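Have a look at the model first, then read on.

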Amino acid sequence: MSETPSHKRAKSKAAGKSGKTEAPLKGNRRLDAASRRKATEIERSGIMEGLEKAARRLKASRKPQKVLQVPQKDIPKAVKAMKNVGVSGTVKNMSGTKRRSVPKRK
């Protein structure tokens, strides 16, 4: 399925000037955007399965900063998905005005 224009726009904004979009991961997977230190996944569907899949891709990136970007109404779901997968990082809304930190499990 092709990407929506809003997903493409968010992906290129997350990559920044020096980062790249569609960064390869192991297992024939791809990360939406990656720079030297940061991995970003954009998940607009709001479906728990998709959010957990995105969190797994972030975990596989092995970057020190991991960001899961979702619509504002899906932030609590995304936090839960990251906790289920066991990945620490940040969940933020599409415009970047709200963010929630997800700590590592002890």
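E3, K11 and E22 are linked in a network of salt bridges (a side-chain nitrogen of Lys or Arg within 4 Å of a carboxyl oxygen of Asp or Glu). Keep in mind that this is a predicted model, where local features need pLDDT of at least 70, side-chain atom pairs count only at pLDDT 80 or more, and totals for chains, interfaces and linings use all residues. Residues are numbered from 1 along each chain as its sequence is written, and side-chain values use heavy atoms, leaving out hydrogens and water.

**Salt bridges**
- The whole structure has five salt bridges.
- K11 pairs with E3 at 2.6 Å, N to O, and with E22 at 2.8 Å, N to O.
- The K11 and E22 pair links distant parts of the chain, helix 1 and strand 1 (residues 20-25), 11 residues apart.
- E41 and R57 meet at 2.9 Å, N to O.
- E41 sits in strand 3 and R57 in helix 2 (residues 48-61), so this pair ties together parts 16 residues apart in sequence.
- Helices (H or I, at least four residues) and strands (E, at least two) are DSSP runs, numbered from the N terminus.

**Burial**
- K11 is buried, at 6% relative accessible area, while E22 is partly exposed at 29%.
- E41 and R57 are both buried.
- Buried means under 20% relative accessible area, exposed over 50%, and partly exposed in between (1.4 Å probe, protein chains only).
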